[in-house]
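Visitor: I am new to this structure and would like to learn how to read it. Could we take it one feature at a time?

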Amino acid sequence: MIDKMIIDADLCIKLGGHEKYKFLYDVLPMIAKHIYMHTHAHSEVLMPPSSVRQLKDLTNEGRVILVNESNLSNQDRAVYDATYKNLEKVMIDPRRPNKNKGEVCSLAYAKATGIPVFATDEMNLQPIIDKQLNTGIDDIVCIRIVDIINKATIGELQLSRKEAKCLWRVAGKDKDVFDTQIWPAGVEQGQT
């Protein structure tokens with residue numbers, strides 16, 4: 001289990017996207033002991049209602065802690081501001097200033113406070129983090145939905161293949177990719 005992780009809106013929207021299956025509510029606490037979410041990223045979770053409800057339940061229960069830079073120490077705030085400016089140059093288009101802002105705020109907060117894992121489903125974000133932020137000290141790694149499923153396949157998460165496939169489908173992913181590449185039928189948990 002991961003000690004500390006900060007989460008992005010897209011992951012919440014995808015995991016919480018179904019009324020019947022509460023993957024956002026049930027699975028996030030299986031992944032990390034301490035889960036944080038930047039208030040800007042939190043404000044981006046507006047739909048679907050099931051995602052909003054599951055995230056609200058997690059925050060009301062103290063299982064997801066909302067954070068922002070306003071309460072950081074002067075030293076941490078300086079790191080936050082420098083990291084934000086660094087990422088802003090490559091991730092935020094001045095013509096669409098709110099696009100990617102949740103990711104930038106979250107990553108800047110993670111860098112300033114030593115949160116090593118960013119849970120997102122952005123496919124091309126890790127190379128940007130590696131180039132712009134990771135220096136070998138307090139590096140940040142992304143965990144995506146595919147990584148969550150991979151943790152289940154090796155037995156790190158208590159999800160059956162059927163549950164993992166359902167999570168994959170709720171997140172809008174292709175079932176054939178799941179069956180052929182992610183967790184092929186007939187492969188027992190812990191065998192991959």
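Visitor: What is the bridge partner of Ala119 in β5?

Guide: Keep in mind that this is a predicted model. Ala119 has Ile143 as its bridge partner in β5. Strand β4, residues 117-119, runs parallel to β5, and 3 bridges join them.

Visitor: In what order do the strands of the sheet lie?

Guide: The order is β3-β2-β1-β4-β5, in an open sheet of 5 strands with parallel pairing. At the edges are β3 (64-67) and β5 (141-143), each of which pairs on one side only. On average, neighbouring strands of this sheet are turned by 35° against each other, direction ignored.

Visitor: How many bridges join β1 to β2?

Guide: There are 4 bridges between β1 (residues 2-7) and β2 (residues 32-38), and the two strands run parallel.

Visitor: How should I picture the side chains along a strand?

Guide: In a regular strand they alternate between the two faces of the sheet.

Visitor: Is Lys173 buried or exposed?

Guide: Buried is the label for a relative accessible area under 20%. Lys173 is at 18% relative accessibility, so Lys173 counts as buried.

Visitor: Where is Lys173, and what does its side chain touch?

Guide: Lys173 sits in the loop between α9 (161-170) and α10 (175-182). Its side chain makes a polar contact with the side chain of Asp121, at 2.6 Å. Leaving aside neighbours within four places in sequence, Lys173 is in contact with Lys14, Asp121, Ile145 and Trp168.

Note on methods:
Residues numbered from 1 in each chain as written. Predicted model: local features only at pLDDT ≥ 70, side-chain atom pairs only at ≥ 80, totals over all residues. Heavy atoms only, no water. Buried < 20%, exposed > 50% of the residue type's maximum accessible area, 1.4 Å probe, protein only. Polar contact = N/O pair within 3.5 Å; in protein donor to acceptor, adjacent residues only side chain to side chain. Contact = heavy atoms within 4.5 Å. Pairing = 2+ DSSP bridges. Axes fitted to C-alpha atoms, helices over the stretch in contact; angles between N-to-C directions.
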